[in-house]
Amino acid sequence: MLVALGVLVLLDGLGQPASKSASGIGAGFFPIIMAVFLLAIAASLVVQALRGMRGEADEAEGDVDTTTTRWRQALMVVGAVLFFATALEPLGYILTNAITFFAVAYAIGARRYLRDAIVSVVLSIVIYIVFTRGLSISLPAGIFEGLF
């Protein structure tokens, strides 16, 4: 998964327009750096796995079984990320992010639904306001156009 993500980020970074600034740092600069890190981490993990180094659970993790993969939970997180990628423009950042936060929290075991929903919505609104107002970064408003 990390290799695929690294390649995807690398291709996206390479596809960004060239810089017109004096610094030469364009929109693709940081995605390319992140892609290199992702690919390096992926290569390291592949080498470790091939050498049989799968790690042991720390004491704080209790009786976590590191020999099996929780496919249901992993697929739920992947589904939430895919939902975020496809719903961001039509629904807007706040709603899409809140649903994604809630879904990931559910996938990792959170079961206090009201609290999780409130935290997801409040955190999404705060992040939206900080980015759009404080940092002047445009995020899609979607169905909340003109409200925030």
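How are α3 and α4 oriented relative to each other: roughly parallel or roughly antiparallel? Keep that in mind while you set up the view, and remember that this is a predicted model.

**Stop 1: the α3/α4 pair.** Select residues 71–91, which make up helix α3, and show α4 alongside; the two pack at an angle of about 175°, with their axes 8 Å apart. Angles over 145 degrees count as roughly antiparallel, and α3 and α4 are therefore roughly antiparallel to each other.

On the α3 side, pick out residues including Met-76, Val-77, Ala-80, Phe-83, Phe-84 and Leu-88. Facing them from α4 you'll find, among others, Tyr-93, Leu-95, Ile-99, Ala-103 and Val-104. Colour this contact by class and you get 15 nonpolar, four polar and one charged residues. Arg-72 in α3 is part of this contact too.

**Stop 2: the aromatics.** Searching the whole structure turns up five aromatic pairs. Go to Tyr-93 and Tyr-128 for a stacked one, 6.4 Å centre to centre with 25° between the planes. Tyr-93 sits in helix α4 (residues 93–107) and Tyr-128 in helix α5 (residues 113–134), so this pair ties together parts that are 35 residues apart in sequence.

Is Tyr-128 buried or exposed? Tyr-128 is buried, at a relative accessible area of 6%, and Tyr-93 counts as buried as well, at 10%.

Next, select Phe-102 and Tyr-113. Their rings form a tilted pair, 6.4 Å centre to centre and 45° between the planes. Phe-102 belongs to helix α4 and Tyr-113 to helix α5, 11 residues apart, and the pair links distant parts of the chain. With the surface still on, Phe-102 shows up as partly exposed, at 26% relative accessible area; Tyr-113 is also partly exposed, at 43%.

Ring pairs link Phe-84, Tyr-93 and Tyr-128 into a cluster.

**Stop 3: a charge over a ring.** Stay with the aromatics and select Tyr-106 together with Arg-111. Arg-111 lies over the face of Tyr-106, 3.8 Å from the ring centre.

**Stop 4: over to α2.** Finally, jump to Ser-44, which has its place in helix α2 (residues 29–50). Ser-44 is partly exposed, with a relative accessible area of 35%. Draw a distance from its C-alpha to that of Gly-55, 11 residues away along the chain, and you'll get 13 Å.

Key:
Residues are numbered from 1 along each chain as its sequence is written. This is a predicted model: local features need pLDDT of at least 70, side-chain atom pairs count only at pLDDT 80 or more; totals for chains, interfaces and linings use all residues. Side-chain values use heavy atoms; hydrogens and water are left out. Rings of Phe, Tyr and Trp (its six-membered ring) pair if their centres lie within 6.5 Å; planes under 30 degrees apart count as stacked, over 60 as edge-to-face and the rest as tilted. Helices (H or I, at least four residues) and strands (E, at least two) are DSSP runs, numbered from the N terminus. Buried means under 20% relative accessible area, exposed over 50%, partly exposed in between (1.4 Å probe, protein chains only). A charge sits over a ring if NZ of Lys or CZ of Arg is within 6 Å of the ring centre and within 35 degrees of the ring normal. Axes are lines fitted to C-alpha atoms, for helices over the stretch in contact, and angles run from 0 to 180 degrees between N-to-C directions. Angles under 35 degrees count as roughly parallel, over 145 as roughly antiparallel, 65 to 115 as roughly perpendicular and the rest as oblique. Contact means heavy atoms within 4.5 Å. Ala, Val, Leu, Ile, Met, Phe, Trp, Tyr, Cys and Pro count as nonpolar, Asp, Glu, Lys and Arg as charged, and the others, Gly among them, as polar.
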